[in-house]
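Visitor: I am new to this structure. Please show me how to read a few of its features.

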Amino acid sequence: MTTENKNVVQRALAGLIETGDVDALAPFLSDDFVHRRPGTTTSTKVEWLAAVRAALVPLAGMQVEIHQVLADGDHVMMYSRRSLPDAGPEIAVVDIWRIDDGLIAEAWEIIEPVAQVAANLVWWEPAQR
């Protein structure tokens, strides 16, 4: 099942990454799909597809480099780095997808600007006295 779930996510994203075809994602998402980001930001299938479609306009030409796709049970995790053409800003992204009955039912997304990585590495360090 783990390999099948990994294949669902890879097939769902292949069309989007290669061609920018947001409609190719829809058949891979369950009707009750929920997309989550840190905090309280959630969106339904229709809302998320619309947001992806809107984001692709200013992000035309974005390069996506997938570093890892790991699966465990009904969850698939993907780590990627994304950048804009002409040395634009780069982000690191972790997506976690939950598969239910062969469809993506839930997704979590964490995005970090690569330029801010050093600052984010010190938040847990004790204050200097």
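Visitor: How many residues does helix α2 have, and what does it reach from its first C-alpha to its last?

Guide: Helices (H or I, at least four residues) and strands (E, at least two) are DSSP runs, numbered from the N terminus. The expected span of a helix is 1.5 Å times one less than its number of residues. Helix α2, residues 45-56, has 12 residues and reaches 17 Å, close to the 16 Å expected. This is a predicted model, in which local features need pLDDT of at least 70, side-chain atom pairs count only at pLDDT 80 or more, and totals for chains, interfaces and linings use all residues. Residues are numbered from 1 along each chain as its sequence is written, and side-chain values use heavy atoms, leaving out hydrogens and water.

Visitor: Which residues in α2 are buried?

Guide: Buried means under 20% relative accessible area, exposed over 50%, and partly exposed in between (1.4 Å probe, protein chains only). In α2, the buried residues are Lys45, Trp48, Leu49 and Val52. They lie on the same side of α2 because they cover an arc of only 100° around the axis, taken from the directions from the helix axis to the C-beta atoms.

Visitor: What do the buried residues of α2 pack against?

Guide: Contact means heavy atoms within 4.5 Å. The partners are α1, β1, β2 (42-44) and β5 (90-100). On the face turned away from the buried side, α2 carries the exposed residues Val46 and Ala54.

Visitor: Where is Ala24 found?

Guide: Ala24 sits in the loop between α1 (2-19) and β1 (29-36). Ala24 counts as partly exposed because its relative accessibility is 23%.
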